Amino acid sequence: DLMEGAVEVRASSGEGFLGGEDFTRRLAGHVLARRGMNFERAEADSPRLVSRLIQQCEVAKRILSRSDTADVRIPNQVGELAEACWVETVRREEFDRWTDHLMARIEMPIRRALGDTNLKRADIDEVILVGGATRMPRVVERVAELFGKPPLCRLNPDEVVALGAAVQAGLIARESSVEDLVVTDVAPFTMGIAISKQLGTEHRPGYFLPIIHRNTTIPVSRVNSVVTIAPNQTEIKIQIYQGEGRRVEENLLLGEFLVKGIPLGPAGQEIDVRFTYDLNGV
């Protein structure tokens, strides 16, 4: 049960390596391909050309959000746009086809968030889109397909982000204007460390030990114990990962440090590892 003026975050999920720039670069790659050029090769050989082309493709991407076609002017090798430069016309249906694989990457986080909360599509009353990339018509269509209903588009997707950040800042600063509001937030990803597992007589490295699981309400502090695997082991390397994979190579390495000064003794000396997540998401 929630008190009046409370907002509860049930689950958080996302694709942290996908954004509007990925769509822009994909567009630039296909424009170059029409001129018989490879994007990666051009980026290495003619960085100014590619840099200016990406600017042109960003403008074209925004035009395609409200028009069926957009022209992309192609700069010369030093990044200059001459009066007689090449111009490629891109249709929205082409852009949607070129970026379809990027659009597919939004499906898994949505399914994961619904699964974490045991909710079905029919249980969702409204879907709100935030962020500039949600202005792309294909994003709106894809979200409508996934939820079985059109998302709310009457709110400015950039202002929504700013307003949300302002409310969060006010809560942290204990601003009187939001004193009646309570917001519970969650950890969006599982946080943990790399460990070795003993299988028979050998130790196999590279396994992920979760310490704070995704969608745990924050602030939170959790501790887990690990042990040394060799006699007279005096230090342990702690490698911190973020992700949901059972093996660490499937997750994102955030950093590492050494725990030194472990007393000499047999294998199995215990070390506590504590993760703390504060209200700022740090």
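## Helices α1 and α3

A helix crossing is called right-handed if the near helix is turned clockwise from the far one by less than a right angle, and left-handed if the turn is anticlockwise. By that convention the crossing of α1 and α3 is right-handed. The model is predicted: local features need pLDDT of at least 70, side-chain atom pairs count only at pLDDT 80 or more, and totals for chains, interfaces and linings use all residues. Residues are numbered from 1 along each chain as its sequence is written, and side-chain values use heavy atoms, with hydrogens and water left out.

Helices and strands are DSSP runs numbered from the N terminus (helices H or I, at least four residues; strands E, at least two). The axes of α1 (residues 20-34) and α3 (residues 47-64) come within 9 Å and cross at roughly 115 degrees. Axes are lines fitted to C-alpha atoms, for helices over the stretch in contact, and angles run from 0 to 180 degrees between N-to-C directions. Angles under 35 degrees count as roughly parallel, over 145 as roughly antiparallel, 65 to 115 as roughly perpendicular and the rest as oblique. The two helices α1 and α3 are therefore roughly perpendicular to each other.

On the α1 side the contact (heavy atoms within 4.5 Å) is made by G20, F23, T24, R25, L27, A28, V31 and L32, and on the α3 side by L49, V50, L53, I54, C57, E58, A60 and K61. By class, this contact of α1 with α3 has 11 nonpolar, two polar and three charged residues. Ala, Val, Leu, Ile, Met, Phe, Trp, Tyr, Cys and Pro count as nonpolar, Asp, Glu, Lys and Arg as charged, and the others, Gly among them, as polar.

## Helices α6 and α7

The axes of α6 (residues 107-116) and α7 (residues 137-147) come within 11 Å, crossing at roughly 35 degrees. This crossing of α6 and α7 is right-handed. In the contact, E107, I110 and L114 of α6 meet R142, L146 and F147 of α7. The classes in the contact of α6 with α7 are four nonpolar, no polar and two charged residues.

## Four-stranded sheet

Four strands form an open sheet in the order β6-β5-β9-β10, with antiparallel pairing. Two strands pair if DSSP finds at least two bridges between them. At the edges stand β6 (202-212) and β10 (252-260), each with a single partner strand, so one side of each is left without a neighbour in the sheet. The twist averages 35 degrees from one strand to the next.

Strand β5 (residues 191-199) pairs with β6 in the antiparallel sense over eight bridges. A194 stands opposite F208 in β6.

## Three-stranded sheet

An open sheet of three strands has the order β1-β4-β7 and mixed pairing. Its edges are β1 (6-8) and β7 (217-218), each with a single partner strand, so one side of each is left without a neighbour in the sheet.

β1 and β4 pair in the parallel sense over three bridges, with V7 opposite V183 in β4. Strand β4 (residues 182-186) and β7 run antiparallel and are joined by two bridges. The bridge partner of D185 in β7 is I218.

## Salt bridges

A salt bridge is a side-chain nitrogen of Lys or Arg within 4 Å of a carboxyl oxygen of Asp or Glu. By this rule the count comes to 21 salt bridges. One joins the side chains of R105 and E15 (3.6 Å, N to O). This pair links distant parts of the chain, 90 residues apart: R105 is in the loop between α5 (100-103) and α6, and E15 is in the loop between β1 and α1.
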